[in-house]
Amino acid sequence: MPAPVITAVDLVKKYKDFAAVDGLSFEVAPGESFGLLGPNGAGKSTTMRMVGAVSTRTGGGLGILGLDPNTHGPEIRSQLGVVPQADNLDAELRVRDNLIVYGRYFGLPYSYLRPKADELLAFAQLEDKAKSRVDDLSGGMKRRLTIARALVNNPRIMLLDEPTTGLDPQARHVLWDRLFRLKEQGTTLVLTTHYMDEAEQLCDRLIVVDKGRIMAEGTPASLIREHSSREVLEVRFGSARNAEAAEALKGVGDRIEVLPDRVLVYAHSGEAALARVTELGFEPMTSLVRRSSLEDVFLRLTGRSLID
Amino acid sequence: MTERSWPAPSRAEQGATAESIDTDAVRPRVQRGILLPSLYAGNARAVMHRGWLVVAKTNWLIVLSGLFEPILYLLAMGIGLGSLVGTVTTSTGAEVPYAAFIAPALLAVAAMNGAVYDSTWNVFFKMNYGKLYQGMLATSLGPLDVALGEIMLALARGLLYAGGFMLVMQAFGLNLSLWALLALPAVVLIAFAFASFGMAITSYMKTFQQMDWINFIMLPMFLFSATFYPLSVYPVAIQWLIQAMPLWHGVELVRGLTTGAVGPHLWWHVLYYVVMVLVGLTFTTRRLRALFLR
């Protein structure tokens, strides 16, 4: 197996007494697409900043491409492509100049950057916006431009912090397509997200983080296998009766969860579970059988209460 | 883990279409410096180029407007008021026409204003609203590259104002000595000191109200630093205060050069600014590191 491009051992980041990241250990192999999942405040962005060599760790070990970010920040950053959570494009420059000037920050020559900028504009489907102002772009276009900008130095690792948050479905799908192409071309992707469908689409492997610690690690499929059932049956009996029905349904499927508006039955076969429910004499108002998703895993591991 | 021994990413075999990214092409190389390698990548000029590009494409008229301010002062005070005043005795005891007395001071002020504008308001905005530095520091640039780049930009502006104003001085016959040529590098030093110091102060500012304090200090400094009359008019205590302020040193240094009153005492002013540069750069870099590499 080739040497990992990222190695974190007991990584810790403290702000005064608060540990934002509290002992994370993980490795990312070259060409791998690695996801960090977790609720808000779980420590995802802090981890990304440390991996991006723009934040100094408080404890533990961290190696990016074999170098220590505390001492080799500029060298490491020269090999990274960073897509931050909030767009930080240069609003005083036009679209194409954003790419060229950003490339200059890496010390790249104009002779390389001019054709490269055009190539990246094509990749981001922004050719006809080359001379536009950044502020005139839509959210999806800005995001694509940010990703194009992150590619200007041919990074070995792309760091994407919630790349599709705030985009409409069309824009998300275009973006996923672009990211998938990068992955196919062998670029290592590290991304944070709280969209489970995004994680399932893009990540080979992921860790679920909560309160600065790893709750689970594995491929999307193995996580679902390990922490959820194959299928989920969702039944509604009306808000008033859900709890009562759930009590009576105990023993159906592997596990039952009561939500205010519906009851979830985790089972290998949702249809069989539904048959059992009717056998027990319950008539659900609505019923739905679906495959278990990463979202079920996520909510099971990090809880359903609202986290701010 | 061995250093940089991972294999090159495998390449899709299809030819380079417009939509594929050629990852095998140029990769940036960072020359690891001896000086502060984790804070400095030796590429401050990229930050400066960015500033030039913005100025060139958007607001060069605003930049040029800064050139006229000292010229207007020179006309109003030097030529207008000067016709009433006649001559003034400089700190070295020379009698010079009033316009020749205030022109070098206005030159030092122009350098200060250009440098301070670029390193305070401009930097404040970029730091707090533009998120520009956050983007820059995600690249191979270090905080010292950013600080130096912005300061060099401020210097360039200071030099532009100073050069323009020196031409006007020449036209009015206010450069009394060949030493005046050295006023240009002196002005660069003054601008450097104000820019690095200004940026250091700005990095601690959180709100626009705090930024107003900078103007609150700049205006009296401009008016009272032996700009329009000799220091000797003040009581001794006030003289000490003014001599402690940075602009007075610039006024004396440039005035010494343009009036030809050159002596070893000028080195003290140079030293003052060198210290100011070093202190300013140290604080700016530290502060940028604390703000952006937390």
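In what order do the four strands of the open sheet in chain A lie? The legends below take up this question first and then turn to the packing in this predicted model.

**View 1. The open, antiparallel sheet of chain A.** The four strands follow the order E11-E12-E10-E13, and their pairing is antiparallel. At the edges of the sheet are strand E11 (255–258) and strand E13 (286–291) of chain A, each of which pairs on one side only. From one strand to the next, the twist averages 20 degrees.

**View 2. The pairing of E11(A) with E12(A).** Strand E12 of chain A, comprising residues 263–267, runs antiparallel to E11(A) and is joined to E11(A) by four bridges. Within this pairing, A:Val258 has A:Val263 of E12(A) as its bridge partner.

**View 3. Helix H10 of chain A against the strands.** Helix H10 (residues 270–279) of chain A lies across strand E10 (231–236), E12 and E13 of chain A, and the helix runs at about 35 degrees to E10(A).

**View 4. The largest nonpolar core and the surroundings of B:Phe194.** This core has 149 residues, and A:Ile6 and B:Phe194 are those with the most contacts inside it. Helix H2 (residues 98–119) of chain B supplies the largest share of the core, namely 15 residues. When neighbours within four places in sequence are left aside, B:Phe194 is in contact with residues including B:Met112, B:Ala115, B:Val116 and B:Ser119, as well as with B:Met221, B:Pro246, B:Leu247, B:Tyr273 and B:Met276.

**View 5. Another nonpolar core, apart from the largest one.** This other core has 14 residues, among them A:Leu233, A:Phe237, A:Val277 and A:Phe282.

How values were computed:
Residues numbered from 1 in each chain as written. Chains lettered and ligands numbered in written order. Predicted model: local features only at pLDDT ≥ 70, side-chain atom pairs only at ≥ 80, totals over all residues. Heavy atoms only, no water. Pairing = 2+ DSSP bridges. Helix = DSSP H or I, 4+ residues; strand = E, 2+ residues; numbered from the N terminus. Axes fitted to C-alpha atoms, helices over the stretch in contact; angles between N-to-C directions. Contact = heavy atoms within 4.5 Å. Core = buried A, V, L, I, M, F, W, Y, C linked by side-chain atoms within 4.5 Å. Buried < 20%, exposed > 50% of the residue type's maximum accessible area, 1.4 Å probe, protein only.
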